[in-house]
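Let's take a walk through this model, one neighbourhood at a time. Keep the viewer open and follow along.

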Amino acid sequence: MPLHLTKIAFGSESPATLRRWLESQNKANGGIGEARLTTRYKPKREPEIAGGSLFWIHSRAIVGRSPILGFQENGQGRYWIRLEPVLIPVIRTPRRAHQGWRYLEDSDAPKDGIGDSGDIDELPPLLVKELARLALI
């Protein structure tokens, strides 16, 4: 069972804008099939992350995941988290904000959502939070 990471989708207005950013990163990197996030440190538990995903937090909830392809030093004393440039919707799960990334055990990771979450992306975040609290989404 792989280990996963969580990260705040900083600067993203909605899961739809996060999805567009991931897709644009693929193009910006020459269409090599990956998006890259820069981080100061490589995870100490890197071998456990093989086959894991980066779970994105938006509006105090995990909203989607991007499979992790690996880690690579970028030549400037930092590392890239190499991701598949896709956002796979997951069942929204409340999660507090944090800085940087955090580990997430596979048993605690939200399951993939059924179908596309396109309609839910358009709802106001407070409404989504309340619907999730009531277990309606």
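Start at S12, which sits in the loop between β1 and α1; helices (H or I, at least four residues) and strands (E, at least two) are DSSP runs here, numbered from the N terminus. This is a predicted model, so local features need pLDDT of at least 70 and side-chain atom pairs count only at pLDDT 80 or more, while totals for chains, interfaces and linings use all residues. Residues are numbered from 1 along each chain as its sequence is written, and side-chain values use heavy atoms, with hydrogens and water left out.

Is S12 buried or exposed? With 16% relative accessibility, S12 counts as buried; buried means under 20% relative accessible area, exposed means over 50%, and partly exposed is in between (1.4 Å probe, protein chains only). A polar atom of the S12 side chain lies 3.3 Å from the backbone nitrogen of L18. That is a polar contact, meaning a pair of N or O atoms within 3.5 Å; within protein, one must be able to donate a hydrogen and the other to accept it, and residues adjacent in sequence count only if both atoms are side-chain atoms. Leaving out residues up to four places away in sequence, S12 touches T17, L18 and H58, where contact means heavy atoms within 4.5 Å.

L18 takes us into the helix, as it is among the buried residues of α1, together with P15, A16, R19, L22, Q25 and N26. Helix α1 covers residues 15-28, and at 1.5 Å a residue its 14 residues should span 20 Å, which agrees with the 20 Å between its end C-alpha atoms. (The expected span is 1.5 Å times one less than the number of residues.) After α1 comes G30, with a positive phi near 85°.

Now for the inside. In soluble globular proteins, nonpolar side chains tend to be buried together. A nonpolar core here is a set of buried Ala, Val, Leu, Ile, Met, Phe, Trp, Tyr and Cys residues joined through side-chain atoms within 4.5 Å. The largest one has 16 residues, and those touching the most other members are L5, L22, L54, W56, I68, I81 and L83. Two or more residues each come from α1, β2 (35-39), β3 (53-58), β4 (61-73) and β5 (79-83). Zoom in on L54: beyond residues up to four places away in sequence, it touches L5, T6, K7, L37, G64, R65, S66, I68 and L83. There is also a second, separate core of six residues, including F55, I62, V90 and A109.

T6 is one of the contacts of L54, and it belongs to strand β1 (residues 4-8). T6 is buried, at 1% relative accessibility. What does the T6 side chain make a polar contact with? The partner is the side chain of H98, at 2.9 Å. Setting aside neighbours within four places in sequence, T6 is in contact with residues including F55, I62, G100 and W101.

W101 is the next stop, in strand β7 (residues 101-104). W101 is buried at 17% relative accessible area, and its side chain makes a polar contact with the side chain of T39 at 3.0 Å. Among the residues W101 touches, not counting those up to four places away in sequence, are L5, Y41, K42, P43 and I81.

The structure holds one aromatic pair. Its rings belong to W101 and Y103, with centres 5.4 Å apart and planes at 70°, so the pair is edge-to-face. For the cut-offs, rings of Phe, Tyr and Trp (its six-membered ring) pair if their centres lie within 6.5 Å; planes under 30 degrees apart count as stacked, over 60 as edge-to-face and the rest as tilted. Y103 is partly exposed, at 30% relative accessibility.

Y103 also has R45 lying over its face, 5.0 Å from the ring centre. Likewise, R36 lies over the face of W80, at 4.2 Å from the ring centre. The test is that NZ of Lys or CZ of Arg is within 6 Å of the ring centre and within 35 degrees of the ring normal.

Finally, look at the loop between β3 and β4, where S59 lies. Phi of S59 is positive, near 55°, in a residue other than glycine, and S59 is partly exposed at 34%. R60 lies in the loop between β3 and β4 too, with a positive phi near 60°, and R60 is exposed at 61% relative accessibility.
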